[in-house]
Every structure is written in structure tokens, then in C-alpha cells.
Amino acid sequence: MARYYCSVCKFFDDNPAKSIYHCDDCGLCRVGKGLDIDYFHCKECDLCLSISQKNNHKHIAKSTDCNCPICGEYLFTSVQTVTFMDCRHPIHNKCFKEYIKTNFVCPTCHKSLSKVDWKYLEEEIESVPLPGEFANAKVLVLCNDCNAKSTVKFHFFGNKCAECGTFNTTILEKIGFPLPGGNDE
């Protein structure tokens, strides 16, 4: 006979190193010691969370009813640990740790994952002048962090949001750019 059997899920497991419990509200078995031991079910979010988050998490209904933006696995039924980024998008903890080695924005909404010191980029921009034909070039940017739109001086290295000062921006429109053949836009 198996160490763990769930008559609802018809699930057997005999791994002595794994603790499993059934959550009636989720409708499935989960890895963990159990409800009110190391996990609790948040009825507003409709998922099981670590007991350490019981009184200090933001409620987002059905927040794990999606796939991990990195590996594509459905998060609600995943046995891997799910973490929530500051923007509140969910991701596997393992995928997140690997992703942040080379990225600084949420893969879903593109908001910065942490406070970034942009001083190094500002210094680079100041030290590398643009060619003369780009002297009057400007861009309309959308800031991925504060959602403001602003028209700013263009640079190949990055375009600073006039509202919050981040370089986490997307170019929406080019203004005064040189056209092929020497005519300006």
C-alpha cells in the first residue's frame, strides 16, 4: 500500500521524502505538510499559499490560472514553488532565479523587477555623442514602470522617462530622424 492515498484525486504516492495534502477548495493534492501547517487556502485568491503569507499578501483572484511565462507550465497545478514578482505576476521560483541572471523586467508586463541605478547608463550616454544628423532627434516613449508618455532626446543606448527617470522605456514614435538620402523626417 502507498504511504499517501487521496480518495478524491485517486492519487497514490510512496515517496517517504515528500509530504502531500489534499485541498478541497483547490480540488487537488499539493506538495506540503498540510493546510494550517505550512500552507493555507486563500479563498479570495483561490489558491494555496505559504502560511508565512497569510496576513501579508495582496489578493488577486485566480492569479495562478495561467502558464509560467518562462517554461510554459500551468501554474495552478504545478508542483514547483510559485513566486510573485513585485508587479504581482506569478512565475516558478526556479524559472525566476534563472531569468533574473540576464533580465531586469517582468517577462509579462515589462515593469522593472527591482530598483535600478541608472547612473551608469546616464554616464555612458553623456560620454558617447550622437552623430550630427541625430542632434535634433527625439522620441515619444512609453515608460514601462510609470506608464507615462513623454517626448525626450533620442540616444541609441537608451531613452529616459521624463516622469520617473527610468530607462525602462519603449519608443512609440520617432521625431526629427534623418531619412535615407539626407532628408529629415
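Guide: Histidine 41 lies in strand β5, which covers residues 39-42; helices (H or I, at least four residues) and strands (E, at least two) are DSSP runs numbered from the N terminus. The model is predicted, so local features need pLDDT of at least 70 and side-chain atom pairs count only at pLDDT 80 or more, while totals for chains, interfaces and linings use all residues. Residues are numbered from 1 along each chain as its sequence is written, and side-chain values use heavy atoms, with hydrogens and water left out.

Histidine 41 counts as buried because its relative accessible area is 14% (buried is under 20%, exposed over 50% and partly exposed in between, with a 1.4 Å probe and protein chains only). Not counting residues up to four places away in sequence, histidine 41 touches Cys23, Asp25, Cys26, Leu35, Asp46, Leu47 and Cys48, where contact means heavy atoms within 4.5 Å.

One of these partners, Leu47, also belongs to the lining of the largest cavity, together with Cys45, Leu49, His57, Lys58, Ile60, Ser63, Phe84 and Arg88. On a 1 Å grid over the protein atoms alone, a cavity is a set of points where a 1.4 Å probe fits but cannot get out, a pocket is an open set with protein on both sides within 12 Å along at least five of seven lines, and lining residues have an atom within 4 Å of a point. The search of the whole structure finds one cavity of 30 Å³ or more, and about 50 Å³ of space lies in the largest cavity. Five residues of its lining are nonpolar, two polar and two charged.

The largest pocket holds about 560 Å³ of space. It is lined by 26 residues, and those closest to its centre are Arg30, Tyr39, Ser78, Val79 and Gln80. Strands β3 (20-23), β4 (28-31), β6 (47-50) and β7 (82-84) are the elements that give two or more residues to this lining. The lining of the largest pocket comprises 16 nonpolar, eight polar and two charged residues.

Arg30, among the residues closest to the pocket centre, has its charged end over the ring of phenylalanine 76, 4.9 Å from the ring centre; a charge sits over a ring if NZ of Lys or CZ of Arg is within 6 Å of the ring centre and within 35 degrees of the ring normal. Lysine 174 lies over the face of phenylalanine 177, at 5.4 Å from the ring centre. Phe177 in turn forms one aromatic cluster with Phe134, Phe154 and Phe156.

Ten aromatic pairs are found in the whole structure. In one of them, the rings of phenylalanine 104 and tryptophan 118 have centres 5.6 Å apart and planes at 75 degrees, so the pair is edge-to-face (rings of Phe, Tyr and Trp, the last by its six-membered ring, pair if their centres lie within 6.5 Å; planes under 30 degrees apart are stacked, over 60 edge-to-face and the rest tilted). Both residues lie in the loop between α1 (93-99) and α2 (119-127), 14 residues apart. Phenylalanine 104 is partly exposed at 38% relative accessibility, whereas tryptophan 118 is buried at 12%.

In helix α2 itself lies glutamate 124, which is partly exposed at 41% relative accessibility. Glutamate 124 and phenylalanine 157 are 33 residues apart in sequence, yet their C-alpha atoms are 7.9 Å apart in space.

Terms used:
Grid points are joined across faces, edges and corners, and a volume is the space filled by probe spheres set on the points. Ala, Val, Leu, Ile, Met, Phe, Trp, Tyr, Cys and Pro count as nonpolar, Asp, Glu, Lys and Arg as charged, and the others, Gly among them, as polar.
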